[in-house]
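Please open the structure alongside the text and follow along.

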Amino acid sequence: MTTDTTTKDTSPGASAPGTTVLDARGVTMRFGGLTAVRDVDLTVSSGEIVGLIGPNGAGKTTFFNCLTGLYIPTEGEVRYKGQVLPPKSFKVTAAGIARTFQNIRLFGNMTVLENVLVGRHTRTKEGFWSAVLRGPGFHKAEAASRERATELLEFVGLGAKADHLARNLPYGEQRKLEIARALASEPGLLLLDEPTAGMNPQETRAAEELIFAIRDRGTAVLVIEHDMRFIFNLCDRVAVLVQGQKLVEGDAATVQGDERVIAAYIGEPLENDPGAAEAAEVEAAEAAAEATTDAAPGKENDR
Ligand SMILES: Nc1ncnc2c1ncn2[C@@H]1O[C@H](COP(=O)(O)OP(=O)(O)OP(=O)(O)O)[C@@H](O)[C@H]1O
């Protein structure tokens, strides 16, 4: 038997909108002498898409790893729906938090459907002996899992490719498949680590639509991304990590207007920064003025 009592439209992990699903408090992660994450608080509620941004090495992935049981925070506490998270990633997945990784981690030689079925294992109650003996309970569970996996593939737009080998999918579809596999564990919170990395603009737009649809099914989303346009379009709230600490948190306008955020990105300018065009114009004007001064007739005489 499975716990599969789902409909296409609502995730079984869904909570009433506005319920806090993730509550991370004072999370600190040290590696020897290096503090990668320092005293970070973050909440995510049902019905929300929250973004986590910051320059390279700011501690975003380390923080994600603290939320998924991959790392046990040196200090602090992470609660999911009020319960302190167990310190093992498979238990965290079973509790209701699923994730994707920066680098795609699919089983390339398995079919698209099989990849999603792998993601279902935390939601099936069939034990080892049932699988070995392949009794009626096992077959029923397998059929239910296949049905649910097929629904999820349709949901992400890969219904027609269920029998293809994962490695033969184009890049953007592999990313979608990763998301379908994560959804197969019926999470209440989905963590996406750079979901649009390597995507073209069209694929990025499709990913945006898909994440909105996931939110609408009742799954809260926390997303790390470097693509600022994507993050500010998508997220209800954005937290900025800099050198392991949370610098600012708020809606897109609050974060975009904060001088400290722009300063933190100096040397690594904000992608699609609204001020970038003006800054380039000023630089060009300064360069032109310098060139004119250099070529001015009085210049020789001034020396
Ligand atoms: N397992 C580890 N052992 C030691 N140091 C680590 C480990 N993982 C991360 N770090 C260090 O912690 C800091 C934060 O790294 P992290 O990967 O979390 O940053 P990030 O914000 O995700 O960066 P990026 O945007 O480049 O992915 C970096 O200085 C990194 O070198």
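The sections below go from the whole chain to the ligand, and then to some strands and a loop.

## About the model

This is a predicted model, in which local features need pLDDT of at least 70 and side-chain atom pairs count only at pLDDT 80 or more, while totals for chains, interfaces and linings use all residues. Residues are numbered from 1 along each chain as its sequence is written, and side-chain values use heavy atoms, with hydrogens and water left out.

## The chain as a whole

The protein chain holds 12 helices and 10 strands. Both are DSSP runs numbered from the N terminus: helices are H or I with at least four residues, strands are E with at least two. Of its 303 residues, 45% count as buried, meaning under 20% relative accessible area, with exposed being over 50% and partly exposed in between (1.4 Å probe, protein chains only).

The accessible surface of the chain is about 15100 Å², and carbon and sulfur atoms account for 53% of it. Such areas come from the Shrake-Rupley method with a 1.4 Å probe; for residues, only the protein chains shown count as cover. Among contacts (heavy atoms within 4.5 Å) between residues at least 6 apart in sequence, 72% link residues at least 24 apart.

## Around the ligand

The shell around the ligand has 14 residues, and Asn 56, Gly 57, Lys 60, Thr 61 and Thr 62 come nearest. Being near means that a heavy atom of the residue lies within 4 Å. Helix α1 gives the largest share of this shell, 3 residues, and β2 (34-45) also supplies at least two. By type, the shell splits into 6 nonpolar, 7 polar and 1 charged. Here Ala, Val, Leu, Ile, Met, Phe, Trp, Tyr, Cys and Pro are nonpolar, Asp, Glu, Lys and Arg are charged, and the others, Gly among them, are polar.

An N or O atom in the side chain of Gln 102 is 3.2 Å from a ligand oxygen atom, and a polar side-chain atom of His 226 lies 3.0 Å from an oxygen atom of the ligand. On its own the ligand has 640 Å² of accessible area, and the protein covers 63% of this.

## Helix α1

Helix α1 (residues 60-67) is largely enclosed by the rest of the structure, because 7 of its 8 residues are buried. Among the buried ones are Phe 63, Phe 64 and Leu 67. Just after α1, Gly 69 has a positive phi of about 80 degrees.

## Strands and a loop

Strand β8 (residues 220-224) has 5 of 5 residues buried, so the strand is largely enclosed. Ala 220, Leu 222 and Ile 224 point one way, Val 221 and Val 223 the other. Two strands pair if DSSP finds at least two bridges between them. Strand β3 (residues 49-53) runs parallel to β8 with 4 bridges, and β7 (residues 189-193) runs parallel to β8 with 5. Leu 222 stands opposite Val 50 and also opposite Leu 191.

Leu 191 is also one of the contacts of Thr 100, along with Glu 178, Ile 179, Ala 182, Leu 192 and Asp 193, leaving aside neighbours within four places in sequence. Thr 100 sits in the loop between β6 (97-99) and α3 (112-119), and is buried at a relative accessible area of 3%.

Notes:
A polar contact is a pair of N or O atoms within 3.5 Å; within protein, one must be able to donate a hydrogen and the other to accept it, and residues adjacent in sequence count only if both atoms are side-chain atoms.
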